[in-house]
Amino acid sequence: MSAKIAAMSDRGDEPAASRARRGAVGTAAASEQERRYLTVVFCDLVDSTVLAGDLDPEDLEELYAAYTGTVRRVIEAFGGFITRTIGDGVVAVFGHPTVHEDDAERAVRAGLALTAEVPRIRLAQDVRLSVRIGIATGLTLVGRDQAGVSDLFGATPNLAARLQTLAPINTVVVCASTHDLLGGGFIYEDFGHQALKGFKEPAQVWRVLHPTPGGSRFAARIRGRLPPLVGREAALQRLQAAWDAARRGRGRSLVIAGEPGMGKSRLVHALADPLPDDSARVVQLNCSPLFGGSALHPVAEHLQFAAGVGKEETPEERHRKLAAYLGEVATLDPADAEFAARRLGQNAAAPADGRVDGDAMQRLAAILTDLVVAWSRHRPTLVVLEDAHWADPTTLDLVEALDRRLTDAPILLIVTVRPDGLATLAGLAGAEQVRLEPSSSAATGCRCSSRSWRRTCCRPARCRCPARWKARCWRGSAARSRSARSRRPRR
Ligand SMILES: Nc1ncnc2c1ncn2[C@@H]1O[C@H](COP(=O)(O)OP(=O)(O)OP(=O)(O)O)[C@@H](O)[C@H]1O
Ligand SMILES: [Mg+2]
């Protein structure tokens with residue numbers, strides 16, 4: 001292993017700037033270089049030297065081909081890019097050449113998927129493969145040689161390589177920066193501060209156990225610290241009115257549209273946590289950019305969480321728990337419960353290939369729609385489909401089918417979507433739409449709604465803003481009065 005890290009260090013331990021100055025980064029220095037904030041995954045095959053000693057060269061070649069093929073497939077499925085292989089150590093990067101908003105999460109999910117997939121590789125020889133994964137995030141120099149091949153330089157790839165030496169077999173460990181970016185999206189074991197060769201300061205290290213069960217992007221983002229809702233009073237009132245009508249049996253659907261970060265999830269949270277009605281049930285379906293090809297992934301995640309299925313359970317155990325939940329708790333007919341459990345109990349750790357058996361999916365969608373409508377007869381139900389721009393087509397079909405059943409059911413269906421996904425919601429054309437625009441109040445800390453900014457906020461007596469915005473309102477108000485006076489015809 002140390003030879004592999006040395007191979008990286010040969011090119012990476014030296015500060016990027018001085019390397020770039022003296023042009024020592026091979027052909028990369030002669031061509032293109034850029035500094036990027038990237039997440040680097042270092043995947044190492046355990047006991048590779050023992051395997052090399054035990055196997056024929058042909059068998060070894062077959063083993064390496066199977067191993068590197070699996071690593072490449074998994075890394076690419078999560079949107080990563082393999083920059084180099086050093087023997088059986090593979091270096092992959094997330095954030096280059098394609099940038100995603102959730103690159104750190106993708107890297108960690110890819111790492112976790114590798115710890116599950118590599119041991120499943122079946123070879124003619126009776127060997128079981130294992131890996132250790134180290135993941136680090138930081139500023140990294142990306143070099144491209146004249147052939148356009150990318151390589152990484154700087155401390156981050158070396159940190160990832162050093163971290164993997166601390167990982168127990170078939171586990172993932174991450175550095176502090178990666179941990180910070182992941183927020184509350186995963187469950188960790190704290191490995192404390194660890195001395196790492198080549199690094200002056202001990203590094204804080206975490207082992208990632210699994211994604212937070214039932215977690216959403218919003219929950220991961222706020223990490224349990226929720227600042228008060230700023231502005232959005234009118235939008236919240238519309239949501240509350242819709243919920244009020246729905247729980248009285250006049251079901252309806254509502255689409256909240258807005259650019260990323262505009263506060264769609266914050267608004268839903270303001271209604272749903274807690275709902276004014278104690279007896280109500282919330283069914284939260286979270287779409288993910290990684291699982292747009294996995295039919296009904298948001299539904300499967302929700303039901304598995306409700307059924308208490310653990311992230312590391314065997315397929316048999318997942319199936320048993322889900323069938324029991326759907327049959328006994330959700331009171332589905334036994335044949336339907338068995339059918340749904342078989343379809344929804346698969347482990348969705350890696351993105352699926354998107355193939356869907358149409359008839360079966362239709363039957364499943366019908367079972368699930370009936371289930372939500374039946375639930376609502378006992379308790380008013382809020383169904384939230386978060387991030388519909390990433391929804392798989394079957395989940396959208398299901399939501400449209402539910403929308404058609406709402407009229408006399410105590411169900412409020414709320415769908416959040418970014419503007420680029422609105423077109424996929426054509427089937428919800430009858431839904432009320434709440435469009436979230438940038439609000440001067442939300443952006444500045446003023447508690448007045450943006451539409452009333454001029455009319456209300458600038459009347460000092462009615463202004464509810466914090467002091468500094470009050471001062472600004474006063475100035476605006478005085479300026480407007482001056483200009484109105486100057487426009488007034490003189491007598
Ligand atoms: N009106 C608001 N008051 C207080 N905090 C807000 C408000 N709007 C947004 N935020 C905060 O801004 C961040 C982004 O908001 P949120 O996650 O709701 O955006 P979003 O529109 O759902 O984005 P995405 O499309 O990425 O899901 C969150 O931390 C949220 O708490
Ligand atoms: Mg959101």
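Labels and their grounds

P97 sits in the loop that runs between strand 3 (89–94) and helix 6. The model is predicted.

Q: What joins H96 and P97, and what is omega there?
A: A cis peptide bond joins H96 and P97. Omega is about -5 degrees.

Q: Why is R232 called buried?
A: The cut-off is 20 or more other C-beta atoms within 10 Å. R232 has 23, so R232 is buried. Its place is the loop between helix 9 and helix 10 (233–247).

Q: Why does N170 count as partly exposed?
A: Exposed means 12 or fewer C-beta neighbours, and buried means 20 or more. N170 has 17 inside 10 Å, so N170 falls in between and counts as partly exposed. N170 lies in the loop between helix 7 (155–164) and strand 6 (171–174). Its phi, near 60 degrees, is positive in a residue other than glycine.

Q: How do you know that strand 11 and strand 12 pair?
A: Pairing takes at least two bridges. Strand 11 (residues 381–386) and strand 12 (residues 411–417) have five, in the parallel sense, so they pair. T381 stands opposite I411 in strand 12.

Q: What makes strand 10 and strand 13 edge strands?
A: The open sheet has five strands, in the order 10-11-12-9-13, with parallel pairing. Strand 10 (281–286) and strand 13 (432–435) each pair on one side only. From one strand to the next, the twist averages 15 degrees.

Q: What describes the packing of helix 5 and helix 6?
A: The angle between helix 5 (residues 57–77) and helix 6 (residues 103–117) is about 150 degrees. Their axes are 9 Å apart. The crossing is right-handed.

Q: Which residues of helix 5 and helix 6 meet?
A: T70, V71, V74 and I75 in helix 5 meet A110, A113, L114 and E117 in helix 6. The contact divides into six nonpolar residues, one polar and one charged.

Q: How many residues surround ligand 1, and which are the closest?
A: The shell holds 19 residues. V230, G263, K264, S265 and R266 are the closest. Helix 9 (217–222) and helix 11 (264–272) each give two or more residues to the shell. By class, the shell has eight nonpolar, five polar and six charged residues.

Key:
Residues are numbered from 1 along each chain as its sequence is written. Chains are lettered from A and ligands numbered from 1 in the order in which they are written. This is a predicted model: local features need pLDDT of at least 70, side-chain atom pairs count only at pLDDT 80 or more; totals for chains, interfaces and linings use all residues. Helices (H or I, at least four residues) and strands (E, at least two) are DSSP runs, numbered from the N terminus. Axes are lines fitted to C-alpha atoms, for helices over the stretch in contact, and angles run from 0 to 180 degrees between N-to-C directions. A crossing is left-handed if the near helix is turned anticlockwise from the far one by less than a right angle, and right-handed if clockwise. Two residues are in contact if their C-beta atoms, placed from the backbone, lie within 7 Å. Ala, Val, Leu, Ile, Met, Phe, Trp, Tyr, Cys and Pro count as nonpolar, Asp, Glu, Lys and Arg as charged, and the others, Gly among them, as polar. A residue is near a molecule or strand if its C-beta atom, placed from the backbone, lies within 6 Å of it.
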